[in-house]
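Subject: Structure handover

Hello,

The structure is below, followed by notes on what was found in it.

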Amino acid sequence: MKKRVVLGMSGGVDSSVCAYLLQKEGYEVIGLFMRNWDSFLNNDFLGNLNISQDICPQEQDFEDAKKVAKQLNIEIKRVDFIKEYWEHVFSYLINEYKKGRTPNPDIFCNKFIKFKSFADYAFNELKADFIAMGHYAQTKDGFLYRGKDKSKDQSYFLAQLSNEQLKKVIFPLAEISKSEVREIAQKLNLATALKKDSTGICFIGERRFADFLQNYIPAKPGNIIDIASGKIVGKHKGAMYYTIGQRKGLNLGGFEKPYFVVGHNINKCEIYVANEDNKSYLLSDKMIATDFNQIASKIPENNLTAKFRYRQEDIPCKIKLIENNKIEVNYPDTEAVTPGQEVVIYHDNEVIGAAIIDEIFYQDVKKEFV
């Protein structure tokens with residue numbers, strides 16, 4: 001009998017090609033489309049450019065997924081995880097922003113929705129042997145590795161998954177590139193062959209972010225302060241709406257050199273900024289990170305690298321396990337390491353594990369103002 005694979009179909013080209021590749025490998029494929037966000041139920045009005053459209057992007061995505069399923073002659077179902085997404089992903093995101101931290105919702109979306117709620121439904125309700133997702137990553141015996149296409153590798157977003165979650169997952173795009181995916185889709189004339197990749201917040205989409213957050217976090221205006229001189233250089237509408245390293249949206253005109261955010265004090269409603277002359281305020285060389293999730297069977301002593309955000313080049317690092325499931329990470333001076341984001345540790349192509357950045361230091365001094 002054919003093994004049954006339940007595939008997360010998003011209405012995009014990646015998952016569409018995954019369905020074809022799984023069929024080609026001889027699996028019985030069932031597509032499952034997730035609906036995880038309801039703009040009206042979740043008061044998503046400010047910053048939502050699509051709120052007045054006749055059909056929202058999410059519904060259009062489902063229509064596209066159905067077209068591909070019909071072309072490939074596979075069954076497709078739809079399931080709602082709106083409650084689960086709010087409880088496990090979005091509430092966390094809002095609570096982190098209230099603290100002045102910058103969370104990564106994609107990582108929690110993978111951990112709690114795609115590879116938990118989705119997986120439970122697939123295995124329990126649809127009797128799947130495996131689940132599959134359109135991520136550019138590889139898994140072998142429950143361990144995680146980068147995908148072949150390094151420019152699209154998404155192992156960073158999967159690094160909070162457990163070995164158990166990874167054991168029954170297939171990533172059909174592990175060994176192929178994005179350009180090959182497009183070529184396959186066009187050869188098959190799939191409905192999504194030329195569709196643009198989705199962007200924005202996981203399962204929510206594009207938003208004017210500061211406006212979007214005001215749906216859930218009331219604006220608290222305050223001062224923007226030059227960290228070097230201590231002078232007030234402007235006003236902001238809410239310190240929690242800005243992130244470390246941010247340069248756009250500060251509305252600070254008339255200065256010889258542009259400013260960027262180096263920290264904030266949520267209690268005082270203050271944002272601290274610096275210009276290129278004081279770039280050291282943006283640099284750090286050590287962090288403490290919490291909730292360390294070790295995926296590899298062991299942690300090598302040498303040749304470790306880290307990513308502190310998705311589109312970053314690997315940075316050499318040393319890590320040390322400390323109490324309460326925390327790690328200390330030491331690295332060369334690096335810009336804009338941000339509390340709330342994820343640090344992912346690699347050894348060559350293998351993902352060693354990941355943790356949530358909690359405290360950052362420069363020359364062994366904690367940045368108290370962050």
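Ser-10 sits in the loop between S1 and H1; helices (H or I, at least four residues) and strands (E, at least two) are DSSP runs, numbered from the N terminus. This is a predicted model: local features need pLDDT of at least 70, side-chain atom pairs count only at pLDDT 80 or more, and totals for chains, interfaces and linings use all residues. Residues are numbered from 1 along each chain as its sequence is written, and side-chain values use heavy atoms, with hydrogens and water left out.

With a relative accessible area of 40%, Ser-10 is partly exposed (buried is under 20%, exposed over 50%, partly exposed in between; 1.4 Å probe, protein chains only). Its side chain reaches the backbone nitrogen of Gly-12 at 3.3 Å. Leaving aside neighbours within four places in sequence, Ser-10 is in contact (heavy atoms within 4.5 Å) with Ser-15, Phe-33 and Asp-61.

Met-9 is in the loop between strand S1 (4–8) and helix H1 (13–24). Met-9 counts as buried, at 2% relative accessibility. Not counting residues up to four places away in sequence, Met-9 touches residues including Ser-15, Phe-33, Ala-65 and Ile-76.

Lys-220 lies in the loop between helix H7 (209–213) and strand S8 (222–226). At 47% relative accessibility, Lys-220 counts as partly exposed. Beyond its neighbours within four places in sequence, the contacts of Lys-220 include His-236, Gly-238 and Cys-269. Lys-220 and Met-240 are 20 residues apart in sequence and 8.8 Å apart in space, C-alpha to C-alpha.

Regards

How values were computed
Polar contact = N/O pair within 3.5 Å; in protein donor to acceptor, adjacent residues only side chain to side chain.
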